[in-house]
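Welcome! Please take a moment with the sequence and the structure, and then let us walk through some of the details together.

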Amino acid sequence: MDAQPLTLTRNERIAVWILGILTVISRWPAVSRTLWDWDEALFALALRDYDVTVHHPHPPGFPLFIALAKAIHAMTPLDEFHALRCIAVIASLFVFPAMFFLARQLRMSAFVSMAAALLLAFFPNVWFFGGTALSDVPSLVLVLVASALLLRGNVIAGAIVLGIAAGFRPQNLLIGFVPMLVALRHQRRRAIVGGFIVAAILAISYGGAALNSGGWDAYRAALTKHEKYIRSVDSFLSPIRPGLIQVADDFFVRPYRAPLINIVITLLAAIGLLRLRRNALLPLLIFGPFLLFAWLYLDFHSASRFSIGYMPLFALLAANGIPSRGRAITLSALMALLIVWTWPALRVAHRTMSPPVAAIEHIRATVDRRSHVIYVDERLAAHADLLLPDYERVNVRIAGPLVIDSRTVLLREGASAASGARNFIRERDHLAAIARKRYFEVSIRFGLRQPYVQPAEQPAPPAVPANSP
């Protein structure tokens, strides 16, 4: 871009530092105590045995995210889950400065840049998932930095970071494409070199994913199968998915179910779009393609996670929509709303074990692995693979009544009212409005003989994947 943003005043620099430090401190309550999501278990399994063909992790493999986690796991006492979570938590510390950096390169004022950075950092989904073992927030920070560097004119550095971001999650190519075009317009030779750098990083990272997944043919077959699943189940082409108009609100208005926050942010974003007019074009071009892709192809049940990639657009527009008169008070009130609403959800995940982990820990404490067989609901297969590797297990599809025997244990998703069952339940409330509505209840039934269940295919494909792009 041609003109450089105006230099910050001394007071503005102080404000940025204070807000940045406060944001860093606020990340601690979001750190989850245990893994919870299916994808977290798949990522952790990938650290033990990377193979995309068996969804360790699910395609396309997130090679650089897993490689970094493996390095941390090898060099520290952290187990697989904590190594993955470490990356997400550290990345979450940089959401504020990364968003502020990009907003300034988009020629936003100091106040709007700070407001956008604060809003993004405290959006419920960004705040919550920054404490998990998932790649969404690290991916977000990387692509924000890459886009800002490219717009600033640091083309080679921006290309390197964009390549790494795409090695974390390939969706980042959609977001980084327009900043690369801007760089091409102003620094043609460097942009061409940068394009080759991005391609080289992608070739090495995803080539490594294929090499560690049985070779290119097996890897390509896994990608094709996964793409077919997304088309036939999650995308607008699926006969079982609601129409695009019906799911539009999931992606455009309420990716997390916080009605008052959704209404306020949507109204401010609409005002900001009208105010910016031509200046809104570049942010729309940067983040709009992935927003449309998510709306068309991704699982609307997981919109809270998938929307993280385009949340910067909502933050920028909403920050610009804050009225000029009393803007500091308005921003403070909005931040208070975000914090007060999200805090209870964070507290649950921070202080309590997730139901799958709590149930499996109970099995490990009370069930003799030498004399018992664990029948595992296939919806918990990944969790059991990770946390019960030394037990004899049979993955099953739950289908009917069960007969008592002392040598069998059933681990299943969902609460059970059966006599002798042990239920592990996590409070829903605001947490269910952010996270995918799975694994809030898990039960154990002791003493089962020959359950009337249909054995799952061996090896079973993921039963409940959150199909990330």
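## A close pair: D250 and R257

D250 and R257 form a salt bridge (a side-chain nitrogen of Lys or Arg within 4 Å of a carboxyl oxygen of Asp or Glu), and their closest N and O atoms are 2.5 Å apart. D250 is buried, with a relative accessible area of 4%, while R257 is partly exposed at 29%. Here buried means under 20% relative accessible area, exposed means over 50%, and partly exposed lies in between, using a 1.4 Å probe and protein chains only.

A word on what you are looking at: this is a predicted model, in which local features need pLDDT of at least 70 and side-chain atom pairs count only at pLDDT 80 or more, whereas totals for chains, interfaces and linings use all residues. Residues are numbered from 1 along each chain as its sequence is written, and side-chain values use heavy atoms, with hydrogens and water left out.

The structure holds 19 salt bridges. Side chains of opposite charge can pair when their charged atoms come close. One of these bridges joins R436 to D299, with the closest N and O atoms 2.6 Å apart. R436 sits in the loop between β4 (422-425) and β5 (441-446) and D299 in the loop between α15 (281-297) and α16 (303-306), so the pair ties together parts that are 137 residues apart in sequence. Helices (H or I, at least four residues) and strands (E, at least two) are DSSP runs, numbered from the N terminus. D299 is buried, at 6% relative accessibility.

R438 forms a salt bridge with E413, and here the closest N and O atoms are 3.3 Å apart. This pair links distant parts of the chain, with R438 in the loop between β4 and β5 and E413 in strand β3 (residues 408-413), 25 residues apart. R438 is partly exposed at 25%, but E413 is buried at 11%. Elsewhere, D37, D39, D136, R169 and R305 are linked in a network of salt bridges.

## The nonpolar core

Which residues touch the most other members of the largest nonpolar core? They are L119, L120, F123 and L411, in a core of 152 residues. The largest share of this core, 12 residues, comes from helix α6 (residues 110-122). Such a core is a set of buried Ala, Val, Leu, Ile, Met, Phe, Trp, Tyr and Cys residues joined through side-chain atoms within 4.5 Å.

I14, W17, I18, I21, L22 and I25 make a nonpolar surface patch of about 650 Å². Patches are made of residues with over 30% relative accessible area and no salt bridge, where like charges are joined within 9 Å and nonpolar side chains (Val, Leu, Ile, Met, Phe, Trp, Tyr) within 5 Å. I21 lies in helix α1 (residues 10-26) and is partly exposed, with a relative accessible area of 48%.

## A serine in a loop

S238 is found in the loop between α12 (216-234) and α13 (244-252). Is S238 buried or exposed? At 6% relative accessibility, S238 counts as buried. The side chain of S238 reaches the backbone oxygen of S232 at 2.8 Å, and a polar atom of that side chain lies 3.2 Å from the backbone nitrogen of I240. Not counting residues up to four places away in sequence, S238 touches R231, S232 and V233.

Technical notes. Accessible areas come from the Shrake-Rupley method with a 1.4 Å probe; for residues, only the protein chains shown count as cover. A polar contact is a pair of N or O atoms within 3.5 Å; within protein, one must be able to donate a hydrogen and the other to accept it, and residues adjacent in sequence count only if both atoms are side-chain atoms. Contact means heavy atoms within 4.5 Å.
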